[in-house]
Amino acid sequence: MTTVKTRTFATFSFALCLFTTAALAQNYVPSQSNLKARQWFQDAKFGMFIHWGVYSVPGRGEWVMNQEKIPISEYEKFAPQFNPTKFSAAEIVSLAKSSGMKYITITSKHHDGFAMFATKQNKWNIVDATPYSKDPLKELAEECRKQRIKLFFYHSQLDWHSPDYYPRGQTGQTAGRPESGDFNRYLEFMDAQLTELLTNYGDVAGIWFDGMWDKPDADWQLQRTYTLIHKLQPAALIGSNHHHQPFNGEDFQMFEKDLPGANTAGFNQTSISALPLETCETLNGAWGYNKNDHNFKSVPNLIHYLVRAAGSNANFLLNIGPMPTGEVSPEFVERLHAMGAWLDKNGETIYGTRGGPITPRSWGVTTAKGDKVYLHVLDWKDEYLALPDLPGIQQAHLFGTGTKLEISRVNGATLLHLPKELDPIDTIVVLEK
């Protein structure tokens, strides 16, 4: 992930490069297992994002190496200090499950090039470079299987550590690498690491790419990489955080810090594809652990984002950044548990739904499943709510209590009489025939 400033350069050359790559991948036909996985993904609705790496040691976010212009020779000194002995895969997966999350996406390698798994491609990884000397992703994969949580791997295509990531991109200019390298060799290295992830960790639900935006003119050999992934695990879903329309070979479209179609972040693609959708957001302001960031989002704010994502036909991938000890900050745990409690009561209106017949509005959204439409009223003060005409809808009642509500048609619109006291977070109304 990154800062707004870095990504606002979505240039013509990048678009041209993506168009060329898309043209090369026209032959991709998803397998039946992949299509089934897409269906599951759309039903899942809520996942846990984990940004964790050696950058947790300084505790100033995952971009600290680039932002503070730390050369590789100095940055590597954080590795001997990285000993997350309090990491518990069982606790992490249990936290996701109790929070109502159906899958986990964790960083296998971020932009600093540090691998959080037992790669044989170099020594810059948690097993070889730290006193911890264990593979947390192996533990996490095993625990996810036990608790029936799907596992995705985030993988950065950008690399500030590799000398072969050359010519340099928009970032990583102060890492202290020689002005030479072989980008094709780097791509082979990346594919080798992906092969390890897709062969040594059991079933992998998908690969979540990030970083292509750093080198807009590069030939990323996406067709080769995507074909490799689908060959090794046909059901694995591929998504890329390149902020453009998806191209063939990708299985879902993602939006960073924005709901589908919005671009408040300044770098998102506003066109929405027919692929499954996902939006990701932080619990505070950082992706990786930042000990000074106490700007935690409120529980109502987080629930509203989840509901608005579902009403936009998208999943919500909510991030945590574990501490260097491997523990999760109590502020994160508290908020996730509260979201889980809300979903225990209201999950029927979220899981397995699709965006409803009314497009997202300032007052809220609709979700739909079967012959039911769930009206989520998030921000409304009046007694009546005017809706577009909803042919076939004849009755309305409050979700949970079954209290009937008056519904009528006036001048081609549907008028809903709301209760005097609305739920402080989400008043959910069931509309039926």
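This is a predicted model: local features need pLDDT of at least 70, side-chain atom pairs count only at pLDDT 80 or more; totals for chains, interfaces and linings use all residues.
## Around His-243

Strands here are DSSP runs of E, at least two residues long, numbered from the N terminus. With that in hand, His-243 sits in the loop that links strand 5 (237-240) to strand 6 (253-256). Buried or exposed, then, for His-243? The cut-off for buried is under 20% relative accessible area, and His-243 comes in at 9% relative accessibility, so it counts as buried. Its side chain also makes a polar contact of 3.4 Å with the side chain of Asn-268.

Mean pLDDT for the protein chain is 94, with 94% of its residues at 70 or more. The stretch to watch is residues 8-25, where pLDDT stays under 50. For that stretch the model has 27 contacts beyond four places in sequence.

## The nonpolar cores

The largest nonpolar core counts 93 residues, and Met-48, Tyr-75, Ile-104, Leu-140, Phe-153 and Leu-318 have the most contacts inside it. Helix 9 (residues 183-199) is the top contributor to this core, giving eight residues. There's also a second, separate core of 17 residues, with Leu-390, Leu-405, Ile-407 and Leu-418 among them.

Which residues does Ile-104 touch, leaving aside those up to four places away in sequence? Among them are Met-48, Ile-50, Ile-92, Val-93, Leu-140 and Phe-152, and Lys-150 is on the list too.

## One side of helix 10

Over in helix 10 (residues 222-232), the buried residues include Leu-222, Thr-225, Tyr-226, Ile-229 and His-230. These cover an arc of only 125 degrees around the axis, so they end up on the same side of helix 10. An α-helix has 3.6 residues a turn, so residues three or four places apart point the same way.

Technical notes
Residues are numbered from 1 along each chain as its sequence is written. Side-chain values use heavy atoms; hydrogens and water are left out. A nonpolar core is a set of buried Ala, Val, Leu, Ile, Met, Phe, Trp, Tyr and Cys residues joined through side-chain atoms within 4.5 Å. Buried means under 20% relative accessible area, exposed over 50%, partly exposed in between (1.4 Å probe, protein chains only). Helices (H or I, at least four residues) and strands (E, at least two) are DSSP runs, numbered from the N terminus. Contact means heavy atoms within 4.5 Å. The arc is that of the directions from the helix axis to the C-beta atoms. pLDDT is the predictor's confidence in each residue, from 0 to 100. A polar contact is a pair of N or O atoms within 3.5 Å; within protein, one must be able to donate a hydrogen and the other to accept it, and residues adjacent in sequence count only if both atoms are side-chain atoms.
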